[in-house]
Amino acid sequence: MLRYLTAGESHGRALVAIVEGLPAGLRVDEGWINAQMARRMQGYGRGNRMKLEQDRAEIISGVIRGETIGAPVALWIENRDWRRDEPDITRPRPGHADLAGALKYGFDEVRHVLERSSARETAARVAAGALCGRLLDEFGVRLFSHVTEIGGEAIRERPAHLEEIPALAEPSAVRCVDPEAEVRMKAAVDAARARGDTLGGVFEVVALGLPPGLGSHVHWDRRLDGRIAAAVMSIHAVKGVEFGLGFAAARTPGSSAHDEILHDPARGFYRDTNRAGGVEGGMTNGEPLVVRAAMKPLSTLRVPLRSVDLRTKEPVEALVVRSDVCAVPAAGVVGEAMLAFVLAEAFLEKFGGDAMEHIRQSFNRYTEEVRRC
Ligand code: EPS
């Protein structure tokens, strides 16, 4: 079983992530993890916290001479903006965890909520997800993300082949494959910043090279799309998740919504379309896994919305603190981490999980069998 935990508050001493269940013999290094951490800090519209931090994960257990030993891998991420004691906050922000968290835990102020509910926690998720991505990388599975919409400005062009996306998206300030759309997205972010507003958008995460049969149709909690949807939905500010055609499938007749099955002795079973987004019946079907998420605009507005003071119950303006104008590009990187975790978990469920060599033998046997079908 693969699981991970994170701990840490936005302005506490540090963030910690523990990944338990990685097989022994997986080569890992901090460079691989920190490359993902750095990607999460980028993005046009990111806030000034990103200028303060250097988000680097230090491996403090579970790895000896660059290889996992089957024991939990703990990661430590310093918070350079560590604040020993902050004043109470009694003006909850609409859209954040502030009010619900204070009511749930019986707080009469929201500092104790916002410190943990902050999107700062996603730095720890990216560190944990990077370890899972490293495992998948050993088996030729490649993950990447890109932004398809910010503030209603959507891409109009995309490459014919999914594998062309990273080369186009990574250099982009908004991680978008369409340069014309990038101009519109950046202008929308500038306009939002100027009026003290924030923007959300849509990011797409892709996994290439997955074998068919990860997940299962036999029980609700084993269906892979359900597990991925839960993981992606758990990312801060995500309000919708879809696979392949997604919500458009609701308006598409069956004759145009499914992927006809073909076969070729050299390739085995394949499809010429991927409307299913790589998942059918709760299992990977051997096509690219494509999942998209809708991210709401951030809750901290420089021109605040109405709120109510938790102590006086008087109408007030919501809290205004440092924040991002737009974090959709960063959320895509977090989406990669969450997808990597669920896919690695499903991978170990199917191919065993104590040592890399055992997994390789099981994986090779299965994929050879599938190829001969
Ligand atoms: C973030 C850290 C936070 C925010 C932002 C993203 O740091 P701080 O609150 O000190 O500025 O900048 O989080 C939010 C906007 C939010 O609403 O949670 C990060 O590390 O990604």
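Select strand S9 together with strand S15 (residues 289-295), which pair in the antiparallel sense over seven bridges; strands here are DSSP runs of E with at least two residues, helices are runs of H or I with at least four, both numbered from the N terminus, and two strands pair if DSSP finds at least two bridges between them. Within this pairing, Phe203 has Ala293 in S15 as its bridge partner. The model is predicted, so that local features need pLDDT of at least 70 and side-chain atom pairs count only at pLDDT 80 or more, while totals for chains, interfaces and linings use all residues. Residues are numbered from 1 along each chain as its sequence is written, and side-chain values use heavy atoms, with hydrogens and water left out.

Eight of the eight residues of S9 (residues 201-208) are buried, so the strand is largely enclosed by the rest of the structure, where buried means under 20% relative accessible area, exposed over 50% and partly exposed in between, with a 1.4 Å probe and protein chains only. On one side lie Gly201, Phe203, Val205 and Ala207, and on the other Val202, Glu204, Val206 and Leu208, all of them buried.

Next, show the charged side chains, among which there are 39 salt bridges (a side-chain nitrogen of Lys or Arg within 4 Å of a carboxyl oxygen of Asp or Glu). Asp88 and Arg311 form one of them, at 2.8 Å from N to O. Asp88 lies in the loop between strand S6 (73-78) and helix H3 (98-105), and Arg311 in the loop between strand S16 (306-308) and strand S17 (315-317), so the pair ties together parts that are 223 residues apart in sequence. Asp88 is partly exposed at 46% relative accessibility, and Arg311 is likewise partly exposed, at 41%.

Move on to Glu153 and Arg184, whose closest N and O atoms are 2.8 Å apart in a salt bridge. Glu153 belongs to strand S8 (residues 153-154) and Arg184 to helix H7 (residues 179-194), 31 residues apart. Here Glu153 is partly exposed at 26%, whereas Arg184 is buried at 15%.

Finally, select Cys176, which is buried at 2% relative accessibility. Its sulfur is 12 Å from the closest cysteine sulfur, in Cys326, too far for a bond, and the structure holds zero disulfides, a disulfide being a pair of cysteine sulfur atoms within 2.5 Å.
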